[in-house]
Amino acid sequence: MRLSLVASIRTTGRMSPMTDTLTITVIEPEELAPVGRLGEWLFAEGAALRMVRPWQGEAIPCLDEVGDGLVVLGGSMSAHDEADHPWLSDLRELLRGVVAADVPAIAICLGAQVTAEALGGTTAVPALGNDEVGVVELTITPAGESDPVFGQVAAEAVRAAHRAGISTAGGTRFPVIVSHHDAVTHLPDAATLLASSDRSPVHTWRAGRLLAFQHHPESDPARVAYWRTRDALNDLAGTMDAASLKAARNALEVA
């Protein structure tokens with residue numbers, strides 16, 4: 001994953017002939033879903049990140065402002081929450097333009113769900129029976145194995161699983177980190193499925209030069225610990241008084 005997006009962008013001819021620096025726009029829908037390890041990897045490869053934070057009132061950029069590539073991160077809102085988050089409409093328009101213009105992009109979790117809707121697919125909110133939290137195994141499709149970017153990501157993930165002593169079913173499965181209650185249930189017609197999980201058949205897919213991930217390749221140990229604590233608090237909600245539950249949740253958000 002670390003090299004794949006940068007390598008993909010470097011072959012597009014979108015970079016300025018006057019500089020070797022990549023400019024990648026990262027849309028962060030909420031404060032508690034940061035760019036994490038993906039940002040570290042892109043920095044390490046010499047990319048300059050332009051952060052756009054709708055939760056701070058920053059506008060979604062137009063296509064001409066994206067630069068050499070786009071990353072759209074996750075968030076706790078749904079792809080249908082336009083009433084509370086009107087910027088989702090602009091994000092859908094941007095994603096349609098990115099795919100049509102063949103701009104390299106990564107869309108993660110919420111980003112993948114918004115992309116699917118923008119391109120004519122369907123996102124279930126909530127996706128009862130398709131929701132996942134924790135670690136699940138992805139099964140790579142034949143198209144995923146041959147994909148020029150995801151194929152490399154999957155191959156490295158399989159090798160890492162082997163090194164950790166985790167079964168990969170002959171190199172066709174590998175574990176990923178997930179946290180989602182909504183899910184894409186119908187792919188856009190122009191999309192290609194690259195990987196599925198047992199509970200969520202539409203997991204990783206491609207549309208043009210955009211790669212969509214339902215899982216969280218950007219997550220670090222601190223983010224996983226946050227999700228575990230959050231979910232534990234949600235499980236205890238029925239056994240705690242309202243004041244104690246609110247105090248515990250506030251402490252979690254500040255930590």
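How many disulfides does a search of the whole structure find?

## Disulfides and cysteines

The search finds 0 disulfides. This result, like every value in this report, refers to a predicted model.

C62 has a relative accessibility of 40%, so C62 counts as partly exposed, a class that lies between 20% and 50%.

## Overall architecture

The protein chain contains 8 helices and 11 strands. Of its 255 residues, 48% count as buried. The accessible surface of the protein chain amounts to about 11700 Å², and carbon and sulfur atoms account for 54% of that area.

Contacts also link parts of the protein chain that are separated in sequence. Among contacts between residues at least 6 apart in sequence, 73% join residues at least 24 apart.

## The largest pocket

Rolling a probe the size of a water molecule over the atoms shows where empty space is left. The largest pocket has a volume of about 540 Å³. Its lining is made up of 22 residues, and those nearest its centre are R37, A157, F174, P175 and V176.

The largest share, 5 residues, comes from α6. Sorted by class, the lining of the largest pocket comprises 15 nonpolar, 3 polar and 4 charged residues.

Key: Residues are numbered from 1 along each chain as its sequence is written. This is a predicted model: local features need pLDDT of at least 70, side-chain atom pairs count only at pLDDT 80 or more; totals for chains, interfaces and linings use all residues. Side-chain values use heavy atoms; hydrogens and water are left out. On a 1 Å grid over the protein atoms alone, a cavity is a set of points where a 1.4 Å probe fits but cannot get out, and a pocket is an open set with protein on both sides within 12 Å along at least five of seven lines; lining residues have an atom within 4 Å of a point. Grid points are joined across faces, edges and corners, and a volume is the space filled by probe spheres set on the points. Helices (H or I, at least four residues) and strands (E, at least two) are DSSP runs, numbered from the N terminus. Ala, Val, Leu, Ile, Met, Phe, Trp, Tyr, Cys and Pro count as nonpolar, Asp, Glu, Lys and Arg as charged, and the others, Gly among them, as polar. A disulfide is a pair of cysteine sulfur atoms within 2.5 Å. Buried means under 20% relative accessible area, exposed over 50%, partly exposed in between (1.4 Å probe, protein chains only). Contact means heavy atoms within 4.5 Å. Accessible areas come from the Shrake-Rupley method with a 1.4 Å probe; for residues, only the protein chains shown count as cover.
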